Amino acid sequence: MTSYRTPGKFPTTVVGSYPKVPIAEKFIKMRKSGQINEEEFYEAIKPAIREVVEDQLEAGIDIVSDGEQARDDMVVYFAERIRGFGPGEWVRVFDNEYFKKPVVVGRIEWVGPITVGLWEYASSVSKERPVKATLTGPYTMLEWSFDLHYGDRKELLMDLAKVIRREVDELVRRGVKYIQIDEPALSTRPFKEEADMLREAMEVIFRGVEAKKIVHICYGRLERILPYILDYPVDQFDLEMKNSNFRLLSFLKDYGYDKELGYGVVDVHSLQVESVSEIMKAIEKLMKEGFIGPEKVYLDPDCGLKRLPREVAKAKLRNIAIAARIARERW
Amino acid sequence: MDTKKSLGENLRIWASPLGGFSRNRVLRRALRDYEKGLLGYGELEELITYSSLVIIGAQISAGMSYVVDGMLDWHDMFRPFVSVWRNVTPTSLLRYFDNNFFYRVPLFTDKPEAATYIWAPRVRKLARFAEPAGFKVVLPGPVTFVLMSKNESGLKQEELAESIAEILATEARLATEAGAALIQVDEPMLTDPEVNPDFAVLASELVSKITSAVGTSKTVLALYYGAPRPDVYEKLIDARVSCISVDVGDAPGMYTELLTSKGFGSHCAILGLVNSRTLYDEPLNALLELAIKILREYGGEEVGITTTTWLDLIPYDHSLVKVKTLDLVADRLASLLGSERLWGVVKP
């Protein structure tokens, strides 16, 4: 589908979200208040997607995303489009920011494409660069919702996994090359039992899938959960590194890490734009560890960029792309 | 049943929520308007006071012995303190334990100094409305404070924790003088399996320092978000506090084992039974059985029933329902054990 040739060494990418363009905020609100329907919303949101894809292209990113412009929240967006979830009530996320934490009120079922249409649109404006599809993982959906129906975490998790698998199948059918499952909740409970439970779900999601299979995890006790998840059926773990001062690297080496690595080299919670030389140092640090070659390293931010001002997000991406070009010469 | 009756006939059982509450719709909007400059601080403060009084009223009517004001204006556990201390500032967001909730990491750049104290004025304003219950004040534990902050102060972690404890001790003293009936120090980080016993020793010393400033008020060391390691817990029970509050509902197996072998020392037991992070109807019988199992080896005369953690992680309406559930659990437990159910502040 795409003729763009992704670099063989240090390809650059994003984790998924990008600062919301004002019209995206506007149309999310209009859809929620019933002023526009779902179909109108998907049409209305496209210019926002085009803008953020262009930002990523201008910054020089190889594998872009739709910036998750349609998503008010990574869990709520999916919950609103999966049967079995009921409307939530306001729960605080931080400071004076809230989200409507979804409530599971019935059997979880896929009723139609959740992300596919906008992924296709993003692909149509990405100038042939691949667009990564990002899906909120079943564990995070489970943990960040209230359950009033199942009463059994594993049963709910597996039903969520089946829904995500259905979405993955739709994406693959349309030619997706990179699929990322976001599981930020996993690092908050770094226990073997939890990791084992999610492994079964990952097998449901990824068994036989012909695309690059990625799991993104961030913030928390990653070093504690990693030993239990390294055998997940995925090609790549995309990990937050910069914020935790790259302390995971020695653990990865000790654990004999041999998959591809999404290497977070800029902090998404800091307004300070990391310089090219700072990013180069991060790459050098990784290369010095010696457990991974440049062909297996994807450079990206620690996490989604949605909380940053747009110009800061773009500047961070630009510096990642410049550093990647230098690194390709060097390694 | 006879065994249960003999276990409980000398027990007095009371209830109180562990900590803060969710904000109501009015307050959420008011805070947003205030941030946008559409509302003055005076008007905001008035709405915070009204909302706090509603929360206090709900607790009193549910028979709580100690009530909180809901800490409705706190953005996170550390923020009100960080906001009025010198040499520390709130910085980037970080996940708060295993919740989809983020706090701002305090950054210490020098030894902290209090420009003012936050609790005493609140207590003076609200404690009189808490009767017949006692007014409860909650402080972040100094070790949790340090472990969840960035330390660029040039002080060692222990020194920084000590300087925080000094300020918190003054907070506790002033709050007690203003009329607080209970001072609770929260040390949730001590349940982290990676925290070693040295931190527990430090926490025990520093919590004792804080509570020694409060005279005869009831004092509590609260542990939640899991069960501490046994070698950590046995150091924590050296703390000079009236009661130890444990989050048994979140880790029932671990706590049953821990408390059966280590007990509560000479402290009164507070059991975090009511789950404050789910919307399920509480499995009442299972909770009662758990409480009885833990109390079987308990020699104290007083038991508090509380929530597993603060009530600010669920929707507002549900946080009020949980208070009623606390009342129900305390009532049923007292009835099952033939114990006295206390209403209002606990007299020695």
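The model is predicted, so local features need pLDDT of at least 70 and side-chain atom pairs count only at pLDDT 80 or more, while totals for chains, interfaces and linings use all residues. Residues are numbered from 1 along each chain as its sequence is written, chains are lettered from A and ligands numbered from 1 in the order in which they are written, and side-chain values use heavy atoms, without hydrogens and water.

In chain A, the axes of helices α1 and α2 come within 9 Å and cross at roughly 175°. The two helices are therefore roughly antiparallel (an angle over 145 degrees). Their contact (heavy atoms within 4.5 Å) includes A:Phe27 and A:Ile28 of α1(A) and A:Phe41 and A:Ile45 of α2(A).

B:Asp192 is found in the loop between β7 and α8 of chain B. With a relative accessible area of 10%, this residue is buried (under 20%). A polar atom of the B:Asp192 side chain lies 2.7 Å from the backbone nitrogen of B:Glu194. B:Asp192 also touches A:Arg221 and A:Arg224, with residues up to four places away in sequence not counted.

Chain B holds an open sheet of three strands in the order β3-β4-β6, with mixed pairing. Strands pair if DSSP finds at least two bridges between them. β4(B) and β6(B) pair in the parallel sense over two bridges, and B:Leu107 stands opposite B:Lys150 in β6(B).

| Edge strand | Residues |
|---|---|
| β3 (chain B) | 85-95 |
| β6 (chain B) | 150-151 |

Helix α7 of chain B packs on the sheet, and its direction makes about 85° with that of β4(B).

Methods
Axes fitted to C-alpha atoms, helices over the stretch in contact; angles between N-to-C directions. Helix = DSSP H or I, 4+ residues; strand = E, 2+ residues; numbered from the N terminus. Parallel < 35°, antiparallel > 145°, perpendicular 65-115°, else oblique. Buried < 20%, exposed > 50% of the residue type's maximum accessible area, 1.4 Å probe, protein only. Polar contact = N/O pair within 3.5 Å; in protein donor to acceptor, adjacent residues only side chain to side chain.
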